[in-house]
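Please read the points below with the model open beside you.

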Amino acid sequence: AELPAGLTARPVHREDLPGLSALVAAYERAVLGEPMTDEEDLVADWDRPSFDPVRDSVLVLDDDAPVGWAEVFRARQAVVVVSPGAWSRGIGRALAGWCEATARAGGGSRVGQPVPDADGAAVALLRSRGWTSRWTS
């Protein structure tokens, strides 16, 4: 998917962990009121035997600062996070498209992502792309 002008994308690397963790914490603080994910959670996901960061992840950078991140696990489960300071720039739309394409390339026909109800913009974006609610918790 095409990113907004001036942004670059590449797979996630281990040395991105501090910046990525800060990105996720900023998102969770803005949407949930407090961070829920820490570096150890991210490392645990990356250490899954079936996870290939080159195939399954993308990090969006504005200069050297991470402003968006996505992963697709086993062609069916997605995680997308966009920095609150970068909302409304089209990053979420680009990452949703990347998730859809990555899932298809892996043989998946549907991809899902947990989205907090408090993130109304993300819910609206995914619905506009034809995504539907499959479960709640």
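1. Asp-56 belongs to helix 3, which covers residues 53-56; helices here are DSSP runs of H or I with at least four residues, strands are runs of E with at least two, and both are numbered from the N terminus. This is a predicted model, in which local features need pLDDT of at least 70, side-chain atom pairs count only at pLDDT 80 or more, and totals for chains, interfaces and linings use all residues. Residues are numbered from 1 along each chain as its sequence is written, and side-chain values use heavy atoms, with hydrogens and water left out.

2. Is Asp-56 buried or exposed? Asp-56 counts as buried because its relative accessible area is 5%; buried means under 20%, exposed over 50%, and partly exposed in between (1.4 Å probe, protein chains only). Accessible areas come from the Shrake-Rupley method.

3. Beyond the residues within four places in sequence, Asp-56 has contacts with Ser-50, Phe-51, Ala-70, Glu-71, Val-72 and Trp-98. Contact means heavy atoms within 4.5 Å.

4. Leu-59 sits in strand 2, residues 57-62, and is buried, with a relative accessible area of 1%. Which residues does Leu-59 touch, not counting those up to four places away in sequence? They are Thr-8, Ala-9, Arg-10, Val-12, Asp-16, Leu-20, Pro-66, Gly-68 and Trp-69. A C-alpha separation of 9.8 Å is found between Leu-59 and Val-81, which are 22 residues apart along the chain.

5. Two residues other than glycine have a positive phi: Ala-75, near 60°, and Ser-88, near 70°. Ala-75 is in the loop between strand 3 (65-73) and strand 4 (77-82), while Ser-88 is in the loop between strand 4 and helix 4 (91-105). Ala-75 is buried, with a relative accessible area of 12%, whereas Ser-88 is exposed at 82% relative accessibility.

6. On the surface, a patch of negative charge is formed by Asp-38, Glu-39, Glu-40 and Asp-41. Asp and Glu count as negative, Lys and Arg as positive, and His and the chain ends are not counted. A patch takes residues with over 30% relative accessible area and no salt bridge, joining like charges within 9 Å; the place of a charge is CG of Asp, CD of Glu, NZ of Lys or CZ of Arg. A salt bridge is a side-chain nitrogen of Lys or Arg within 4 Å of a carboxyl oxygen of Asp or Glu.

7. Glu-39, one of the patch residues, lies in helix 2, residues 39-46. Glu-39 counts as partly exposed because its relative accessibility is 35%.

Note on methods:
Patch = residues over 30% accessible without salt bridge, like charges linked within 9 Å, V, L, I, M, F, W, Y side chains within 5 Å. Areas by Shrake-Rupley, 256 points an atom, 1.4 Å probe, with all protein chains shown as cover.
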